[in-house]
Amino acid sequence: MNEITSLERRPEGGPGPIRRTALHDTLVTHLRDMIIEGDLPPGTRLHEGQLGEQLGVSRTPLREAIKYLASEGLVELVPSRGAVVKRFSAKDVQDMLTVLRSLEELAGRLACETASDAGVAEVRALHDEMVSRYKAGDRLQYYKLNQQIHTAIAQLSGNAALADMHGILQTRLKRIRFIGHEGPEKWAAAVAEHEEMIAALEARDQARLSEVLGRHLRKAWERVRDSV
């Protein structure tokens, strides 16, 4: 099987063959997107042969990509069943969001103290592009920019331990956070909270940014609890 040329994102109409540049990274991203968007729902067994044929790649790179997703907590390697998309209970989700909320509240306070002007400007640029994707109705790209903003604030805290733990939890919650934007009212509410975030960060208002980040994560649970 030829895996030399560029790997492309699946077309709008659904999954299809992909070709290669940096095969591993692109395969990981591709499969992760399929999990996030629900093309591979929780509990789905990942058949290497079937997926390989669908995506146009051989089993070896696909197997490595699946192992990587298992290390992120999105896939489980189950004895006798193989690789299965991870299913989180409602308590799992609530517990992770509770810890994530505490991390982001702290990150917001620290970022207001330590972030460079250039770092704040980068978050503003991400925010503006995210709003642009929202207005265009591009939900997946909106979501990815949304997550980049949360990651950037954690990194602007200057606390590597916080940023590392934040990254682990954020990755495990990818599908859950994505469904939190389903429906126009939920999506609009999330965008409004992000408007508050960027204003507080640019003002370097520690209390305000910490409060809106905490509220945003509490609302995240309210937006997803009926779906888990």
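Q: What makes helix α10 stand out in the lining of the largest cavity?
A: Helix α10 (residues 206-224) gives the most to that lining, with 4 residues. Helices (H or I, at least four residues) and strands (E, at least two) are DSSP runs, numbered from the N terminus. Keep in mind that this is a predicted model, where local features need pLDDT of at least 70 and side-chain atom pairs count only at pLDDT 80 or more, while totals for chains, interfaces and linings use all residues. Residues are numbered from 1 along each chain as its sequence is written, and side-chain values use heavy atoms, with hydrogens and water left out.

Q: Why is a space called a cavity here, and how many of 30 Å³ or more turn up?
A: The search runs on a 1 Å grid over the protein atoms alone, and a cavity is a set of points where a 1.4 Å probe fits but cannot get out. A pocket, on the other hand, is an open set with protein on both sides within 12 Å along at least five of seven lines. Searching the whole structure this way turns up 2 cavities of 30 Å³ or more.

Q: What volume does the largest cavity have, and what does that number stand for?
A: The largest cavity holds about 70 Å³ of space. Grid points get joined across faces, edges and corners, and the volume is the space filled by probe spheres set on the points.

Q: Which residues line the largest cavity, and what makes a residue part of a lining?
A: A lining residue has an atom within 4 Å of a cavity point. For the largest cavity, that gives N146, R177, G180, H181, H216, A220, R223 and V224.

Q: How do the residues of that lining divide by class?
A: There are 2 nonpolar, 4 polar and 2 charged residues. Ala, Val, Leu, Ile, Met, Phe, Trp, Tyr, Cys and Pro count as nonpolar, Asp, Glu, Lys and Arg as charged, and the others, Gly among them, as polar.

Q: What is known about the second largest cavity and its lining?
A: The second largest cavity has a volume of about 30 Å³, and V123, H127, I149, I153, H194, M197 and I198 line it. Two or more of these residues come from each of α5, α6 (139-156) and α9 (184-203). Helix α9 has the largest share, 3 residues.

Q: Why is N146 called buried?
A: Buried means under 20% relative accessible area, exposed means over 50%, and partly exposed is in between (1.4 Å probe, protein chains only). N146 has a relative accessible area of 0%, so N146 is buried. You'll find N146 in helix α6.

Q: Which residues does N146 touch, and what makes something a contact?
A: Contact means heavy atoms within 4.5 Å. Not counting residues up to four places away in sequence, N146 touches M130, H181 and H194.

Q: Why is R133 called partly exposed?
A: R133 has a relative accessible area of 22%, so R133 is partly exposed. R133 sits in helix α5 (residues 117-136). Leaving aside neighbours within four places in sequence, R133 is in contact with D138, Q141, Y142 and L145. The C-alpha atoms of R133 and L145 are separated by 8.7 Å, with the two residues 12 apart along the chain.

Q: Which label does S80 get, buried or exposed, and where is S80?
A: The relative accessible area of S80 is 79%, so S80 is exposed. S80 lies in the loop between β1 and β2, and its phi is near 75 degrees, a positive value in a residue other than glycine.

Q: What span is expected for helix α3, and what does the model give?
A: The expected span of a helix is 1.5 Å times one less than its number of residues. Helix α3 (residues 59-72) has 14 residues and reaches 20 Å from its first C-alpha to its last, close to the 20 Å expected.

Q: Which residues of α3 are buried, and why do they count as lying on the same side?
A: The buried residues are P61, L62, A65, I66, L69 and E72. They're on the same side of α3 because they cover an arc of only 140 degrees around the axis. That arc is the one of the directions from the helix axis to the C-beta atoms. The face turned away from that buried side carries the exposed residues T60 and S71.
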